Amino acid sequence: MPGTRNAPGHRAEERAEHRKHADYTGAVYGSMLAASVIVGAGSLGQFPRLELVLLLLLTGGVFWIAHVHAQLFGARLAQQTWERRVVLRVCRDEWPIVKAALPPAAAVAVSPALGLDVQGALWFGLSVAVAGQVGWSAAAARRAGAAWRQVAASAAVNLLLGMVIIGFKLWLKK
């Protein structure tokens, strides 16, 4: 039907449909990435909390750009012409990688108000990142229509992966 695409409710329907089929893979990946950044951040300078917050946000941003680039220059646009809406959709679809870095960064930023020293801030940020990883994986499984048993299995696997990351942190003793 001509003109239907630009009908007033079409954009809202399109956004609702996108949310319905949202892929949380990037958020799980971004949470795991944030946890890994915290584990590797052992040699911070004079302003360790600020440096860790910036490291989390900048690493999330860099990985977002890398994923957008891979999507655009990989399979998607190799055979297609450049269209602004495709580029914007890929940027939006990969944005959860950046969003997943925000809670651990916020945890580190508020850690002084909680009376945590730098090591406490690192552990708090790491805990928030792992909790995000587990939560996003459970949300993704549930959104995909998985049975509760599968949701629990997805969360358990991601908790195990998070514990491996925490194990690396303990092993590195940073």
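Below is a short chat about how some labels on this predicted model were reached.

User: What are the ground rules here?

Analyst: This is a predicted model, so local features need pLDDT of at least 70 and side-chain atom pairs count only at pLDDT 80 or more, while totals for chains, interfaces and linings use all residues. Residues are numbered from 1 along each chain as its sequence is written, and side-chain values use heavy atoms, with hydrogens and water left out.

User: Why does T59 count as buried?

Analyst: Buried means under 20% relative accessible area, exposed over 50%, and partly exposed in between (1.4 Å probe, protein chains only). T59 comes out at 16%, so it counts as buried. T59 is found in helix α3, residues 48-78; helices here are DSSP runs of H or I, at least four residues, numbered from the N terminus.

User: Which residues is T59 in contact with, leaving aside neighbours within four places in sequence?

Analyst: L33, V37 and L54, where contact means heavy atoms within 4.5 Å.

User: What makes α2 and α8 roughly parallel?

Analyst: The axes of α2 (residues 25-40) and α8 (residues 148-172) cross at roughly 10° and come within 9 Å. Those axes are lines fitted to C-alpha atoms over the stretch in contact, with angles from 0 to 180 degrees between N-to-C directions. Angles under 35 degrees count as roughly parallel, and therefore that's the label for α2 and α8. Among the residues making the contact are M32 and A35 of α2, plus I165 and F168 of α8.

User: How do you know that E83 and R85 form a salt bridge?

Analyst: The term needs a side-chain nitrogen of Lys or Arg within 4 Å of a carboxyl oxygen of Asp or Glu. For E83 and R85, the closest N and O atoms are 3.1 Å apart, and that makes a salt bridge.

User: What links R89, R92 and D93 in a network?

Analyst: Salt bridges do. D93 pairs with R89, the closest N and O atoms being 3.9 Å apart, and the side chains of R92 and D93 meet at 3.8 Å, N to O. D93 and R89 both lie in helix α4 (residues 84-94), four residues apart, about one turn of the helix.

User: Why is D93 called partly exposed?

Analyst: D93 has a relative accessible area of 25%, so partly exposed is the label. R92 gets that label too, at 44%.

Terms used:
Helix = DSSP H or I, 4+ residues; strand = E, 2+ residues; numbered from the N terminus. Parallel < 35°, antiparallel > 145°, perpendicular 65-115°, else oblique.
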